[in-house]
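Q: I have a model open and want to learn how to read it. Can you take me through it feature by feature?

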Amino acid sequence: MVQQLISEQLVILLNGLSGAATLFLLGTGLSLIYGMLNFLNLAHAAFLPLGAYLAASLVHATVDAVGGSLGFVGLFVVFLVLLLVVVPAVVSAIGLVMERTAFKPLYGLEDDYQLLATFGIILMMEDAMKFIWSGEPVSATAPSNLLGTFTLPGGTYPWWSVLTILVTALVAGTLYYFFEETRLGKITLAMAEDEEAVSFAGIDTRSIHLKVFVIGIALAALGGALYLPTASMTTGLALEFVILAFAVLVIGGLGSLKGAIAASLTIGMVQAYGAYYVPVLELALVFLLMAVVMLIKPTGLFGEIEA
Amino acid sequence: MSQDTKTGVAVGIRQRFGNLSSAAGALLLVGAFAFPYLPGTGQYEVFLLGQILAFAIAALAYNVLLGYTGLLSFGHAAFFGGSAYAVGLAMQFYGITELLLLIPFGVLVAGTIAVVIGFISVRHTEVYYALLMLALAHLIYVLTVKMYTVTGGTDGVAITTPTIAGINYLTVWGYAGYLMGILYYVILIAFVVTVVLLWTFMHSPFGLTLKTIRDDPERARAIGIPVRRYRWYASIMSGVFTGLGGAMYAFLNGHVTPDTVLHWARSGELAFMTVLGGTGWFFGPITGAGAFILIRSQAQQLTEYWHFMMGLVLFLVIVFEPEGISGIGARIRRRVRDWRDGGGEK
């Protein structure tokens, strides 16, 4: 009985953490790009489904080509390289091209117009994905199946979700180290405060812009790649992820890494507990939370930068 | 005014211009009323124009906030869909079939939603306003999807053909007769009423107050305008008329689902129509709604990827012509006038 209860709570906790992992990878980029570059990119969240679709294609191709010939370890390593390296790298490259062509003309515009123009971009990206991968939902459970599940009293849980949580924690730690400890990280933070001053110091702010932008997109793609093995993905989800990304941004505070971590953990837990105890309100609770935070503390939990 | 001063000439030109455009407006209006009887007009065309008018109502209302008050909302689907759902649910649960009761009911519900979420949202401006509206409106979307016992979930609600002033035109005239003979005119009249009322409001001291707030909220506050309260009033007015558009959409389509009327992408589309037409002009959103529906209906016939085309148009408009179609129109008019005025000397 007690064991049952503990295992129940453990499952909710794990669900919350893996949900938080996806949200963190999705929202951090949006938050950093807005905080550092002062660019409000509604289309940011579309890079998550893009990463997921690409991951699906790569996983299926791999399984078809070499699935039988590789051992467990070999296949696992191949999947890790594909999902953790190749997908983020390819999507970053796409993001880089889009930065040069589609996003650059929007930097100087007012926030309102940035929101609208990037709404246009997300519509285009959604259809481009539909065109390439057809409108069908995709899934690629091979990596998750490979790792299998572990048994808890009263249920099983996929190891892949545990891996997702660990990888995300590692990413969050690395980012934290980058911003707090490295020179480039400190310059980036300084740019958010006063870009002109940094630029006067002889630092190429444009190249740092690009780096932040590309890192943000790579994170979203990684989120998609990690999300896919345990869930299925449709192009329509791009529009759903957008508001979740904004929920992270708003609840955490614009441009704050600590805020993004705290917000994704909060939303992840609210969703997990909501889904368990009041399934009807699961998603509604997230937007309620978002509205309440905005009313009480418009700059978010950790936001210091005024918009 | 003496005739030989510059001002006199300018007023004269403006009057002649004003007469010209009001004549064009009158002609368009007569054309709109005669539209179902024009040669070559079928059910499809009437349906299309009806849809343009329904969205034009909502886009005109949207512009009260974006163009006149300077607030971008990503939550107008709550008003549009709130009203459409109110109509559908009143029919389903209370058996009300009278259009003349259903319209005020839908508008009232949209207005109530606007009173509540407007009150909350106007506590912030700019991005925060847009996102707060987005969050609150999406709350309504999510609840509608989840409460399927009441709302039918993602399947939505069917809207049966209403009676109008007690008469069931569907049995009398059949669908084509109902659509072209009466429903179209209901929508057209709602459109005309919206234009007249919003024009009056926007050219009244109320509208000027909103413009003052848009141009410089600090100065507006300094001269004693309660800025937040006026933004709230503007949100309510915008919500009420968006609701009227939503009700018209519901009657015309006969079916509403959360994704067609309550999703945030719908709010984005209303913003799109307004920007496409031109936020700086009162009539801009009408052009925008017309262009949107026409581009969409053409694009849908050509390709299933019409979202791509809409997104591209929106992107190009904002990058190259932020003042929209009206901006292009004004530039052409200016060119023509310059060319005519200076034509002899060049």
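**Reading burial, salt bridges and contacts**

A: Start with one residue. D127(A) has a relative accessible area of 1%, so D127(A) counts as buried. Keep in mind that this is a predicted model.

Q: Which side chain meets D127(A) in a salt bridge?

A: The partner is K130(A), with N to O at 3.8 Å. The cut-off for such a pair is 4 Å, so this one qualifies. Both residues sit in helix α4 (residues 111-133) of chain A, three residues apart, which means a separation of about one helical turn.

Q: How many salt bridges does the rule count over all chains?

A: The count is six. One of them joins E218(B) and R221(B), at 3.1 Å from N to O. These two also lie three residues apart, about one turn, in helix α9 (residues 217-222) of chain B. E218(B) has 54% relative accessible area, so E218(B) is exposed. R221(B), at 43%, is partly exposed.

Q: What is the closest N and O distance between D215(B) and R214(B)?

A: That salt bridge has its closest N and O atoms 3.0 Å apart. D215(B) is exposed at 55% relative accessible area. R214(B) is partly exposed at 33%.

Q: How many salt bridges and polar contacts cross the interface of chain B and chain A?

A: The rule finds zero salt bridges there. It finds five residue pairs in polar contact, both residues at pLDDT 80 or more. Next, look at the elements.

Q: How should I read a nonpolar core?

A: In soluble globular proteins, nonpolar side chains tend to be buried together. Here the largest nonpolar core has 206 residues, and I121(A), F246(A) and F251(B) touch the most other members. Helix α2 (residues 43-69) of chain B gives the largest share of this core, 17 residues. A second, separate core has six residues, including F150(A), Y157(A), V162(A) and I165(A).

Q: What does F251(B) touch beyond four places away in sequence?

A: Its contacts include V87(B), M91(B), L99(B), I159(B), P162(B) and L183(B).

Q: Is T22(A) buried or exposed?

A: T22(A) is buried, with 11% relative accessible area. The cut-off for buried is under 20%. T22(A) belongs to helix α1 (residues 2-37) of chain A. Setting aside residues up to four places away in sequence, T22(A) touches L48(A), G223(A) and Y227(A).

Q: Where does P279(A) lie?

A: P279(A) is in the loop between α11 (257-277) and α12 (282-296) of chain A. At 44% relative accessibility, P279(A) is partly exposed. Not counting residues up to four places away in sequence, P279(A) touches G274(A) and K146(B). The C-alpha atoms of P279(A) and L226(A) are 25 Å apart, with 53 residues separating them along the chain.

Note on methods: Residues numbered from 1 in each chain as written. Chains lettered and ligands numbered in written order. Predicted model: local features only at pLDDT ≥ 70, side-chain atom pairs only at ≥ 80, totals over all residues. Heavy atoms only, no water. Polar contact = N/O pair within 3.5 Å; in protein donor to acceptor, adjacent residues only side chain to side chain. Core = buried A, V, L, I, M, F, W, Y, C linked by side-chain atoms within 4.5 Å. Buried < 20%, exposed > 50% of the residue type's maximum accessible area, 1.4 Å probe, protein only. Helix = DSSP H or I, 4+ residues; strand = E, 2+ residues; numbered from the N terminus. Contact = heavy atoms within 4.5 Å.
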